[in-house]
Amino acid sequence: MPSFRSINLALSAGLHWRLPKQFTYPLALAYEQTIMELGASLDSGLMLDVGAGLSTVANKSLGLNGAIGVIGMDIAEDALHTNTDLDYRLVADACKTWPLADASLDMIVSRSVIEHLADTGTFARECRRVLKPGGFGVHLMPGRNAPFAILNRLLPGSISRRLLDWIFPEKKELLGFPAYYQNCTFPEIVRLFGDAGLTVERVYCRYYQSTYYAAFFPAYLAFVAYDLVVWKLGIKRLSSQLMIVISRDSSAN
Ligand SMILES: C[S@@+](CC[C@H](N)C(=O)[O-])C[C@H]1O[C@@H](n2cnc3c(N)ncnc32)[C@H](O)[C@@H]1O
């Protein structure tokens, strides 16, 4: 007999496939594609994945030129050593000075990490410092004003952890880190990197966050309605996920 959870998931999936594709398009896919596109312009060099964790989507299997070395940096040594996508591993706090030389990297990426940083100002300034002139960065993060992010901040850590485990059992290892969402809104993230001396090339906003509630169809339905309204009105500061592409001016010193 189907479980309560599987019935709700099936109902939510039925609605999901009827929603506009531009609305549901996963930014995680756009993140991988952008890294591939930008990486294709490099003949060689070094890419840093900040908060690489257990795996680096931006690894060579994505088609990055084999001559590009991939460095994974993370505060958690264990996760880094499990990550087999890396050429080099660096245990370091992204909120402190990075153990990397000035202008030494061609590309810096991060996925689901900025929201966990207590000092995003240092992070952005370190991005600027270690990027070579002409280098670029791609960063994917959730939006601070998304309903799930608000809930995450309101609920005690142990409860949000248990909820996340129930909603996304397959992502157990990836979720539940303390989250601050500092500068994780459209205007703030643009200002953060701009103030650090980097050029903001593009910012993508996604509004569809209802999947968090797919295991309980009534909640999913209500949030689909909310997400569609915010999307249609284009209220960027309420977007649930952001991807920013930045570069360091090629004439910078
Ligand atoms: C949600 S996981 C994302 C992992 C990976 N980027 C991915 O997309 O699968 C967040 C990662 O950020 C790391 N992290 C959190 N705070 C950090 C900090 N201050 N400095 C470096 N890494 C940090 C965590 O250890 C964890 O591996």
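The model is predicted, so I noted its limits: local features need pLDDT of at least 70, side-chain atom pairs count only at pLDDT 80 or more, and totals for chains, interfaces and linings use all residues. Residues are numbered from 1 along each chain as its sequence is written, and side-chain values use heavy atoms, with hydrogens and water left out.

**Entry 1: the ligand.** A polar backbone atom of I75 is 3.3 Å from a nitrogen atom of the ligand. For A94, I found a backbone N or O atom 2.9 Å from a ligand nitrogen. R111 places a polar side-chain atom 2.5 Å from an oxygen atom of the ligand. The ligand taken alone exposes 600 Å², and the protein buries 93% of that (Shrake-Rupley method, 1.4 Å probe).

I then listed the shell, counting a residue as near if one of its heavy atoms lies within 4 Å. The ligand is surrounded by 16 residues, and the closest are G51, D74, D93, A94 and R111. By class, the shell holds 9 nonpolar, 4 polar and 3 charged residues. Here Ala, Val, Leu, Ile, Met, Phe, Trp, Tyr, Cys and Pro count as nonpolar, Asp, Glu, Lys and Arg as charged, and the others, Gly among them, as polar.

**Entry 2: the whole protein.** I counted 9 helices and 7 strands, taken as DSSP runs (helices H or I, at least four residues; strands E, at least two) and numbered from the N terminus. The C-alpha trace spans about 60 × 40 × 35 Å along its principal axes. Of the 253 residues, 46% are buried, meaning under 20% relative accessible area with a 1.4 Å probe, protein chains only; over 50% is exposed, and in between is partly exposed.

I checked the neighbours next; strands pair if DSSP finds at least two bridges between them. Strand β5 (residues 131-142) runs antiparallel to β7 and is joined to it by 7 bridges, with V138 opposite V245. Strand β6 (residues 199-206) also pairs with β7 in the antiparallel sense over 7 bridges, and V200 has I246 as its bridge partner.

Methods
A polar contact is a pair of N or O atoms within 3.5 Å; within protein, one must be able to donate a hydrogen and the other to accept it, and residues adjacent in sequence count only if both atoms are side-chain atoms.
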